[in-house]
Amino acid sequence: LKIRNLIEVVFKGKEEQQALELSKNQAELKAVQSQVNPHFLFNTLETIRMRSLLKNEAETADIIGELALLFRTSMDWRVDYITIEEEMRFVEKYINIQRYRFGDKIKYYHYIMEGCSAYKVPKLAIGTFIENAFIHGIETNDKDGVISLNITRNEEFLFIEISDNGKGFAPDKLEKIKYMLKHADSQMLSEARNTGILNAFLRLKMFCEGNIVFEIDS
């Protein structure tokens, strides 16, 4: 019933408001279905279990605490818009857990220009792309993974740039993603199988009232 209601409930009114509510419900549904995601959770817990058998350290307790806070954040949808500073706390916890799993294989660099941390964004909008960089770009790659996040601004725009050195997109896949984002709407969101990037993009677009430029390349 919870899942069905999250999918079907659409507020009356303007199409953008309907799409915003649907995208929020899709994001909440993703968390309800533990798509933060099952294979990530299983592998992390198995790593914790094995390492705790080999050595007794406070490190194990710490990473379990990080994991608990991460899931608490992803499941709490009372507030849809949070500051970049709050979003970065989620990202840092996610990075810490991945570092625990992969050790020195993961390098994470970030820069946030002074004054940018107070700006608000849709919850998990940045974290979604960090997660995608790991799962689809770095986790399946043999070489060391590097993720870079830069947030800057000028008088007109706030710039959020995320890059990674993963395997990238096949050309046809990249074109499909670009087409999807160019024609993104609430109907597409309700029909898509993988909604992470589409969800984050629509929520950002509606939060900015359409005043957004989104670019993605391989």
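Y111 is partly exposed, because its relative accessible area is 43%, between the 20% limit for buried and the 50% limit for exposed. The model is predicted.

**Y111**
- Strand β2, residues 106-112, contains Y111.
- Beyond its neighbours within four places in sequence, Y111 is in contact with L149, N150, I151 and T152.
- T152 lies 41 residues from Y111 in sequence, yet the two C-alpha atoms are 8.1 Å apart in space.

**Helix α6**
- Helix α6 runs over residues 125-138 and has 14 residues, which at 1.5 Å a residue should span 20 Å.
- Of the 14 residues of α6, 13 are buried, so the helix is mostly covered.

**α5 against α6**
- Helix α5, residues 84-102, has an axis that comes within 8 Å of the axis of α6, and the two cross at roughly 20°.
- Because angles under 35 degrees count as roughly parallel, α5 is roughly parallel to α6.
- The crossing of α5 past α6 is right-handed.
- On the α5 side, the contact is made by E87, M88, F90, V91, Y94, I95 and Q98.
- On the α6 side, the contact is made by A125, I126, G127, I130, E131, F134 and I135.
- The residues of this contact comprise 10 nonpolar, two polar and two charged.
- An α-helix has 3.6 residues a turn, so residues three or four places apart point the same way.

Notes. Residues are numbered from 1 along each chain as its sequence is written. This is a predicted model: local features need pLDDT of at least 70, side-chain atom pairs count only at pLDDT 80 or more; totals for chains, interfaces and linings use all residues. Side-chain values use heavy atoms; hydrogens and water are left out. Helices (H or I, at least four residues) and strands (E, at least two) are DSSP runs, numbered from the N terminus. The expected span of a helix is 1.5 Å times one less than its number of residues. Buried means under 20% relative accessible area, exposed over 50%, partly exposed in between (1.4 Å probe, protein chains only). Axes are lines fitted to C-alpha atoms, for helices over the stretch in contact, and angles run from 0 to 180 degrees between N-to-C directions. Angles under 35 degrees count as roughly parallel, over 145 as roughly antiparallel, 65 to 115 as roughly perpendicular and the rest as oblique. A crossing is left-handed if the near helix is turned anticlockwise from the far one by less than a right angle, and right-handed if clockwise. Contact means heavy atoms within 4.5 Å. Ala, Val, Leu, Ile, Met, Phe, Trp, Tyr, Cys and Pro count as nonpolar, Asp, Glu, Lys and Arg as charged, and the others, Gly among them, as polar.
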